[in-house]
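Please keep the sequence and the model in view while reading.

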Amino acid sequence: MHQPEEAGISSERLARISPIIERDLGEGKIAGAITLLSRRGRLVHFQCHGLMDRELSKPMRPDAIFRLFSMTKPMTTVALLTLFERGLVRLAQPASDFLPAFSNLKVYEGESEGILKLADLTRPVTIRDLLTHTSGLTLPLWEYGPVERMYRDAGAAPPTPLGEFVDRVLELPLAFQPGARWRYSVSHDVIARIIELVSGQTYGDYLKENLFDPLGMEDTGFYVAEEKLDRYCAEYGFADITDPDVTFSIWLGDEGRLTPRLLRAADEGLEAKPHQIYRGGIGLVSTASDCLRFCQMLL
């Protein structure tokens, strides 16, 4: 740990962080947190707040392991770009080169008397579209319209094997033409499947070999080893985001209800034991220190 001023950071301003976190703890909005700040390669702030587990009154610890949820996506992007660097994937390349089902996709264009109007693709979905959420894919979580309902009806949510999951998604229409707009989606899950097809490895193995091991991210992966479960945080929220019937408004919860409920104890859930249900947009677990290594690599 360095003195903040060595990195051009104000100690006085750093002191403003803790009261804000403590306020959210006091109001019951969060159980605990870790705050970390590094500049110019110097770690100047690393602080634990609150609890890892309210029910067990376990204090937050520096090596606590968290679910990364969508912070899985930046790591998936880097993994794809390692294949790009090797000339195995091009960003303008059609996704159908790897997943032929992309060639047969239809695009939602409205409804008439309760019947969906579907159009042909005006151009192929590219790898760049997938990386930038402009592919036309969507999420069952959203409430924009019938395509999202079709995702929910099809059970397009974890836990199913990655290949099966992507096959199921590619049986459904796109929400809009590729490149026409931006919508947060399952695109990075598709990217993970393409990484498997190009590399010949499972997505978990590819990340470990090409990202986590080289960076020394020893606590990052798709599950928590049994001997590390005492470092794994309980999960709190208003609803389980992996439930295919949960929409965004349900997941957000009632604004008047400030305290999220326990969703999973540390020894519960998919990530609490070895598994092979990989995703590119969700599913990794990690520590603050491992995430710092990843961010420093990006810099």
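**Salt bridges and their surroundings**

At a relative accessible area of 12%, Arg231 counts as buried, where buried means under 20% relative accessible area, exposed means over 50%, and partly exposed lies in between (1.4 Å probe, protein chains only). The model is predicted: local features need pLDDT of at least 70 and side-chain atom pairs count only at pLDDT 80 or more, while totals for chains, interfaces and linings use all residues. Residues are numbered from 1 along each chain as its sequence is written, and side-chain values use heavy atoms, with hydrogens and water left out.

A salt bridge is defined here as a side-chain nitrogen of Lys or Arg within 4 Å of a carboxyl oxygen of Asp or Glu. By this rule there are 17 salt bridges. In one of them, Arg231 pairs with Asp63, with 3.3 Å between the closest N and O atoms. Because Arg231 lies in the loop between α8 (203-215) and β7 (235-237), and Asp63 in the loop between β3 (58-59) and β4 (66-67), the pair ties together parts that are 168 residues apart in sequence. Helices (H or I, at least four residues) and strands (E, at least two) are DSSP runs, numbered from the N terminus.

Asp63 also forms a salt bridge with Arg61, at 2.5 Å from N to O. Arg61 is partly exposed, at 27% relative accessible area, and Asp63 is likewise partly exposed, at 27%.

A further salt bridge joins Glu196 to Arg193, with the closest N and O atoms 2.8 Å apart. Both residues belong to helix α7 (residues 187-199), where Glu196 and Arg193 are three residues apart, about one turn of the helix. Glu196 is buried, at 11%, whereas Arg193 is partly exposed, at 23%. Elsewhere, salt bridges with shared partners connect Arg61, Asp63, Asp219, Lys228, Asp230 and Arg231 into one network.
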